[in-house]
Amino acid sequence: MEYVASVEQLRLKFPGTDTLLFKDVSVSFTKGEKVLLLGPSGCGKSTLLQVLSGIIPHSLDIPMKVKHIRIPTNWGYVFQDPDSQFCMPFVDEEIAFALENIGVPREQMNERIEHLLRAVDLSVPPHTNIHTLSGGMKQRLALASVLALEPDVLFLDEPTAMLDDEGTKLIWQTVKRIAHDKTVIIVEHKIEHVLDFVDRIILFNDAGEIVADGEASIIFRTHKELIASQGIWYPGVWDDYLKQKKARADSGERQEVIHLHHFRGYRNKEAKIYVPTARVQSGEWIVVTGKNGAGKSTFLHALMRLIPTDGEYEVYGTRLEQTKQLARQIAFVFQNPEFQFVTNSVWEELAYSLRLEKRNEQEIATKVEELLKLFHLETQQEQHPYQLSMGQKRRLSVAAAIISGQKLFLLDEPTFGQDAKNTFALLELLESYREQGAAIIMVTHDEQIVKHFATRRWVIENGQLVRDEPVTQTERERGLSREMGYSLS
C-alpha cells in the first residue's frame with residue numbers, strides 16, 4: 001500500500017521539558033483519506049501535523065528522532081493562528097504569492113484571486129490590508145491562500161477556531177467540496193462539523209500516545225469512557241455536562257463597574273465601534289456576539305484604550321485615560337494569546353505582573369505555583385510560551401491576566417483551542433469569580449456559553465452595539481456543580 005504521509009517510531013522533545021512528547025509513535029495515511037486527530041489539549045496533535053508536513057524540524061528546529069518519515073510532495077497547511085503564515089501585507093498579494101509559487105501567469109491571477117475569495121466567502125476588496133481583517137476573516141484568507149497551491153494533501157490545524165457558526169459551516173462546506181479527492185488530515189475541536197467527512201479517527205491520550213485508530217462511529221462507541229475521562233470533545237458532551245449541574249442562586253449586592261455613553265473606538269481616524277449607552281454591574285457575565293468582522297475584538301481594544309476613543313467611559317465611577325491605569329482594574333485576554341507574552345518562560349510570564357507590583361518573591365512563588373497547578377501548566381513551566389500548544393497558550397494568557405486579582409475581565413474568545421475538560425474548568429473558574437462579585441465581558445461564538453453561563457448578551461453589528469438582551473434564568477440553567485471533577489489540574 002502506498003502512503004502519501006507517514007512516520008515510524010517518532011520521538012520528539014521540546015527544549016525546557018524533561019519528558020518526550022512522542023515516544024515511538026508510528027502512523028501513516030493513504031491517498032484520499034480524511035482523518036481526524038483527536039485528543040486533549042497539549043497532547044501533540046498540532047506538533048504531529050508539523051512533523052508530517054516537514055515544518056518540524058526544517059522550519060522549526062525541534063529535537064526529534066524517527067526511523068522513517070514520508071513527507072508529501074505537494075501539501076498545504078492552515079495553522080491555528082492565521083497571522084503565523086502570512087507573507088504579504090495585502091489580501092491579493094498574499095494569494096498572488098501562492099499562485100506565483102505554482103507558476104500561474106500574471107494575467108490569470110486576478111480572476112483566480114477573486115474565485116478563491118468567493119470560495120471562502122471573504123467579502124473584502126482584494127487589495128485590503130490584512131492587518132485590518134478580523135480573526136475570522138484572516139482564517140478565511142489563510143485557507144484561500146492554501147487552496148491556491150492546489151495541494152494533494154491538506155493539513156488543517158483548527159481552521160475554524162476563530163469563526164462563528166455560520167462561518168464554520170461555510171469553511172467546512174468549502175473544504176468538503178474542494179477536497180473530495182485529496183488527503184485531508186485534521187485537528188479540530190468542533191468535531192460535529194467534520195464527523196460526516198472523516199473516514200478515520202486517531203485518538204490520543206494526554207501523554208501523546210495513540211490509544212485507538214479506526215472508524216469514527218466505532219471510536220466513539222467503544223472508547224467513550226476514555227474520551228470523557230481525558231476531557232476530549234465528543235458528540236453530546238455538553239448534554240452530559242449539563243446533566244450534572246445543580247441550580248444555585250445568585251446573591252450579593254450589585255455595583256456599577258462600567259458606564260458607557262456615546263462611546264467610540266477609532267482605527268486610522270475612522271470610527272470602528274460605537275456604543276450608544278451601556279452599563280455593566282458586578283456579578284454579571286456579558287457575552288458579546290456578532291458575525292466575524294462586526295467589531296467585537298475592536299470593542300474590547302477600545303475598552304482597554306489600545307486604540308483611540310472618545311465619549312463617556314467610566315470604570316468603577318472613575319474616568320481612566322491610560323491603558324496602564326485600566327490594567328490595574330481589568331484583566332484583559334487577547335484573541336491571539338501571543339500578543340501578550342513578554343517573557344521567555346511560562347513561570348516568568350505568570351510572575352511578571354506581580355513583580356511590576358513589587359510583591360515579595362515568596363508571595364510571587366506561591367501564587368505562580370498555585371496558578372500553574374490550577375491551569376494544568378506545571379510540566380510546561382520552563383518552556384517558552386511560544387512553544388506551547390494553542391490550548392496551553394490560551395490557558396497561560398488567562399492565568400497571567402487574572403493573577404493580580406482584578407474584578408473585571410475582558411476576554412476575547414478564551415475557550416478556542418481548548419479541549420472539553422479545560423473549557424469547562426475555565427468556565428467554572430470564571431463563574432466562581434463572578435459569584436464573588438467579578439464582572440465578565442466575553443467575546444465568543446459558542447452559543448452553549450451564552451445559554452448556560454451568560455446573564456446578558458450584547459450583539460454587535462457593523463461596528464455598533466445594537467442589542468442588549470437579558471439571558472433568562474431558565475435558559476442559563478444557572479449554577480455549576482463542583483462535584484463533576486473538572487479542574488484545570
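**Note on the predicted model: pocket, cores, sheet and backbone**

1. The second largest pocket holds about 1000 Å³ of space. A pocket here is an open set of points on a 1 Å grid over the protein atoms alone, with protein on both sides within 12 Å along at least five of seven lines; a 1.4 Å probe is used, and lining residues have an atom within 4 Å of a point. Points are joined across faces, edges and corners, and the volume is the space filled by probe spheres set on them. The lining has 42 residues, and those closest to the pocket centre are His131, Thr132, Leu133, Ser134 and Thr298.

2. This is a predicted model, in which local features need pLDDT of at least 70 and side-chain atom pairs count only at pLDDT 80 or more, while totals for chains, interfaces and linings use all residues. Residues are numbered from 1 along each chain as its sequence is written, and side-chain values use heavy atoms, with hydrogens and water left out.

3. Which elements each supply at least two residues of the lining of the second largest pocket? They are α5 (135-147), β12 (270-281) and α10 (296-303). Helices (H or I, at least four residues) and strands (E, at least two) are DSSP runs, numbered from the N terminus. By residue type, the lining has 15 nonpolar, 18 polar and nine charged members. Nonpolar covers Ala, Val, Leu, Ile, Met, Phe, Trp, Tyr, Cys and Pro; charged covers Asp, Glu, Lys and Arg; the others, Gly among them, are polar.

4. The largest nonpolar core has 94 residues. Such a core is a set of buried Ala, Val, Leu, Ile, Met, Phe, Trp, Tyr and Cys residues joined through side-chain atoms within 4.5 Å. Buried means under 20% relative accessible area, exposed over 50%, and partly exposed in between (1.4 Å probe, protein chains only). Ile95, Trp238, Trp285, Leu350 and Phe375 touch the most other members. Helix α5 gives this core its largest share, seven residues. Another core lies apart from it, with 32 residues, including Val275, Val280, Phe332 and Leu465.

5. Now the sheet. Six strands form an open, mixed sheet in the order β6-β7-β8-β3-β9-β10. β6 (75-78) and β10 (210-214) are the edges; each has a single partner strand, so one side of each is left without a neighbour in the sheet. From one strand to the next, the twist averages 15 degrees. Strands count as paired if DSSP finds at least two bridges between them. β3 (residues 34-38) and β8 (residues 183-187) run parallel and are joined by four bridges. Val35 has Ile185 as its bridge partner in β8.

6. β18 (residues 456-461) and β19 (residues 464-470) pair antiparallel over six bridges. Arg456 stands opposite Pro470. Their hairpin has two residues between the strands, and Asn462 there takes a positive phi near 50 degrees.

7. Most residues other than glycine have a negative phi, and most peptide bonds are trans. Ile56 and Pro57 are joined by a cis peptide bond, with omega about 10 degrees; Pro57 sits in helix α2 (residues 55-58). Asp24 has a positive phi of about 60 degrees. Asp24 belongs to strand β2 (residues 22-30) and is partly exposed at 38% relative accessibility. Glu158 also has a positive phi, near 50 degrees. Glu158 lies in the loop between β7 (153-157) and α6 (165-178) and is buried, at 4%.

8. Gly42 is in the loop between β3 and α1 (45-53). Gly42 is partly exposed, at 23% relative accessibility. Gly42 and Asn205 are 163 residues apart along the chain, yet their C-alpha atoms are separated by 9.8 Å.

Terms used
Axes are lines fitted to C-alpha atoms, for helices over the stretch in contact, and angles run from 0 to 180 degrees between N-to-C directions.
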